[in-house]
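Please look through the structure below.

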Amino acid sequence: MNSPDITFYTKLLHIEHTLATPIYLQLAQQLSNAIQRGILPQGTKLPGTRPLSKAIHLHRNTIVAVYEELALQSWVEIIPNKGTYVLKPNKHKTTATAEPTQLANQYPQQTGFSFFPSIHLASPYKKPTTTYTLNDGQPDVGLLQINQLTKWYSASLKRKSLIGKWNDRMFESNSYFEKQLSNYLNLTRNLHLKPTNLMATRSTEMCLYIVAQLLIKPRDIVVIGNKNPFTSNMIFQQSKAQLISIPVDNEGLNIKALTTLLEQRQKIRAVYICSNRQYPTTYALSASRRIKLLQLAKQYKFAIIEDDFDYDFQYEATARTPLISADTHGNVIYLGRFGQSLLPTLQTSFMVAPSAFITEAKNYRQMIDRQGDLVLEQILSEMIHEGEIHRQIKRSLKVYKHRRDVMCSELNNTFKNKIAFQIPDGGLAVWVSFSPAISLFQFAKNAELAGIYIPETLLYQNKEYCCLRIGFGNLDEDEIPLIIQKLKASYDRSTAI
């Protein structure tokens, strides 16, 4: 049995084998930390190298190296035939600030300085423990074979031109990828942009954050739908914007309510909108409302932030073009995602706006993400150039359209007149309204007991509506009927008296 002395050191010292730092340096750092904090006061005799090495299951030479390292740093003094002693204060100035009872391997939980926590940025996500998890409409990561991904990455890394493009990224305002992407957007979205009108980033959230930095001052008014993506709300609130919500119906954002605000002499800085499929409702902004919104933006000189997050997933023969395609006065800032039909790791985002705005936006990007992901951009550039991206989207659309049809059929047959929904013409989610209303909190709780986790970000309920956004993109044809049956059983339990 170890002596109390040795037992103390076995609790004090710990080894992380996954670290690149040599073991003897890990232990030396932990002992010097203990000396600084007063856990090992001056004059303390350290254990002999043999008993300590035996107690913590290391070779004696490792402990010898630890003590020699401490001696070189003047934390201890090795006295031949006597032992190793912690030096007195006059031989080494310590910086002990912690309580002696605090373990040396504990890191402070609180700062010694003040900072500015945000009440807007707390994550609503939690790790589910259920068999199934619903989401707001995410692609299926299993549709792309891993060997195909490996092939693309390998081919891109072998390109001799990669280093040159990497160096060019530091000096050119428009990357090779942005040039390819501008061509693709012109072809697919009926745009007429140049690379100077485009900026690529890692995520839509990064684009929107940069927009907020350039556009919004504290107390500026940003108009949003009364049902809106929580991530965009967080970004606007963090910029200290004043958010005013207006109704959303089956024709999208209520432009009449926006007109009323403007006529009341409200100075609006920006309107945030998902014109093709309003998030979370999936309703498209009607043609008449699009025209009126552009007219209002021109008249009152506010920005329209158009978030077209799921444009690639359109199932009808004629794809609906974005609002920016009809903008002739430079009022629209267009945000989108590219590569969603691929793996999430192959997705990127972009911003389209007048070149003067993009120039300033790129200055922000240079500050927070200077190099970007060159290999990813190389892969996507080649997929555009070779037409592979069109083939991938076409293949994935067939799968997602079939899953949409299965989801809507199962919802209709299982819930019957208990719910109402429109079959979406695109996207990866269905907007479901419950009538009569139920407690969605209880419904989600019952679903979790049945093995289905429903994040709170999918639940929309107040006195006026009781709705759920259900994503189907990540669910296959066998999973959908089972999940809908479980949701119906959870619904029945929620309505039982």
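The count of disulfides comes to zero, where a disulfide is a pair of cysteine sulfur atoms within 2.5 Å. In general, a disulfide is a covalent bond between the sulfur atoms of two cysteines. The model is predicted: local features need pLDDT of at least 70, side-chain atom pairs count only at pLDDT 80 or more, and totals for chains, interfaces and linings use all residues. Residues are numbered from 1 along each chain as its sequence is written, and side-chain values use heavy atoms, with hydrogens and water left out.

**Cysteines**

- The closest cysteine sulfur to that of Cys-466 is in Cys-467, at 6.6 Å, which is too far for a bond.
- Cys-466 is buried, with 4% relative accessibility; buried means under 20% relative accessible area, exposed over 50%, and partly exposed in between (1.4 Å probe, protein chains only).
- Cys-467 also counts as buried, at 4% relative accessibility.

**The four-stranded sheet**

- Four strands form an open sheet in the order β14-β15-β18-β17, with antiparallel pairing.
- The edge strands, β14 (419–420) and β17 (459–461), each pair on one side only.
- Helix α14 (residues 388–415) packs on this sheet and touches β14, β15 (429–434) and β18; contact means heavy atoms within 4.5 Å.
- The direction of α14 makes about 15 degrees with that of β15; axes are lines fitted to C-alpha atoms, for helices over the stretch in contact, and angles run from 0 to 180 degrees between N-to-C directions.
- β17 and β18 (residues 466–471) run antiparallel and are joined by three bridges; two strands pair if DSSP finds at least two bridges between them.
- Gln-461 has Cys-466 in β18 as its bridge partner.
- Helices (H or I, at least four residues) and strands (E, at least two) are DSSP runs, numbered from the N terminus.

**A hairpin**

- Strands β2 (residues 76–79) and β3 (residues 83–86) pair in the antiparallel sense over four bridges.
- Val-76 is opposite Val-86 in β3.
- Three residues lie between β2 and β3 in this hairpin, and Asn-81 in the turn has a positive phi of about 65 degrees.

**The largest pocket**

- The largest pocket holds about 660 Å³ of space; a volume is the space filled by probe spheres set on grid points, which are joined across faces, edges and corners.
- On a 1 Å grid over the protein atoms alone, a pocket is an open set of points where a 1.4 Å probe fits, with protein on both sides within 12 Å along at least five of seven lines; lining residues have an atom within 4 Å of a point.
- The lining has 34 residues, and Tyr-125, Asp-136, Gln-138, Glu-205 and Arg-337 lie nearest the centre of the pocket.
- At least two lining residues come from each of α8 (204–215), α9 (230–238) and β13 (348–352).
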